[in-house]
Amino acid sequence: MANQAASSSAPPVTLITKSSQRCFLFNLPKFLTRIFINHVNQQQRQQEDLLYGAESGWVEARTSCDHLPSLSSDLAHIPTPDTPCHTCQHPEENWLCLCCKEVLCSRFVNKHMLNHYHHANHSLALSYSDLSVWCFACDAYLDAQVIQQLRPVYETAYILKFGEAPPFRSI
């Protein structure tokens with residue numbers, strides 16, 4: 001009872017969040033106040049991650065790459081997007097090696113393109129699923145519309161996949 005009287009006379013704790021929201025914590029023991037504040041801070045971090053892309057899948061594609069000299073000299077003639085993996089014949093989630101033009105499945109299927117990178121050291125690949133370009137050595141996506149050496153293969157893959165030229169964005 002004495003403990004209850006002491007806690008009811010304690011002033012409320014005011015918490016102002018980063019988003020300027022004001023929370024009042026009345027009559028909570030200190031350990032519960034800390035748990036609540038930690039929970040609010042975690043929610044704010046999650047919201048910031050969503051805002052800046054960490055949880056949403058948003059990535060900033062690179063506009064340069066040191067591995068571009070390894071590109072095949074003839075990327076105007078490439079296998080069609082419906083080409084199955086050369087190793088396992090899987091029909092979907094395939095990537096085109098931009099160094100030797102071999103078509104292999106993604107890390108989400110049987111990892112044949114990833115294995116190819118590790119064994120052949122061919123670091124550049126184009127996804128036939130979304131036409132993104134990935135550099136395994138840089139561990140990054142590359143902007144195929146900005147990097148001049150990648151534009152021809154991107155345009156060819158787009159035409160093969162959709163039957164028309166891509167709508168290039170202004171740079």
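## Confidence of the model

The structure is a prediction. Its average pLDDT is 79, and 64% of the residues score at least 70.

## The nonpolar cores

The largest nonpolar core consists of 22 residues. Leu68, Leu96, Leu98, Leu124, Leu126, Leu142 and Leu150 have the most contacts inside it. Strand S5 (124-127), strand S6 (133-135) and helix H4 (151-162) each contribute two or more residues to this core. The largest share, four residues, is that of H4. Apart from this core lies another, of 12 residues, which includes Cys85, Met113, Tyr117 and Phe136.

Neighbours within four places in sequence left aside, the contacts of Leu124 include His67, Leu68, Leu96, Leu98, Trp134 and Leu142.

## Strands S3, S5 and S6

Strand S5 pairs with S3 and with S6. S3 and S5 run antiparallel and are joined by three bridges; in this pairing, Trp95 stands opposite Ser127 of S5. The pairing of S5 with S6 is likewise antiparallel, over three bridges, and here Ala125 has Trp134 of S6 as its bridge partner. The hairpin of S5 and S6 has five residues between the strands, and within this hairpin Leu131 adopts a positive phi near 60 degrees.

In a regular strand, side chains alternate between the two faces of the sheet. On one side of S5 are Leu124 and Leu126, and on the other are Ala125 and Ser127.

## Helix H4

An α-helix has 3.6 residues a turn, so residues three or four places apart point the same way. After H4 comes Gly163, with a positive phi near 80 degrees.

## Helix H3 and His112

His112 belongs to helix H3, which comprises residues 112-120. Is His112 buried or exposed? His112 counts as buried because its relative accessibility is 17%, and the cut-off for a buried residue is under 20%. When residues up to four places away in sequence are not counted, His112 touches Cys85, Thr87, Cys88, Leu104, Cys105 and Ser106.

## Two loop residues with positive phi

Lys101 is not a glycine, yet has a positive phi of about 70 degrees. Lys101 lies in the loop between S3 and strand S4 (103-105) and, with a relative accessibility of 21%, counts as partly exposed.

Asn121, also not a glycine, has a positive phi of about 60 degrees. The loop between H3 and S5 contains Asn121, which is exposed, with a relative accessible area of 58%.

Definitions and conventions:
Residues numbered from 1 in each chain as written. Heavy atoms only, no water. Core = buried A, V, L, I, M, F, W, Y, C linked by side-chain atoms within 4.5 Å. Buried < 20%, exposed > 50% of the residue type's maximum accessible area, 1.4 Å probe, protein only. Contact = heavy atoms within 4.5 Å. Pairing = 2+ DSSP bridges. pLDDT = per-residue confidence, 0-100.
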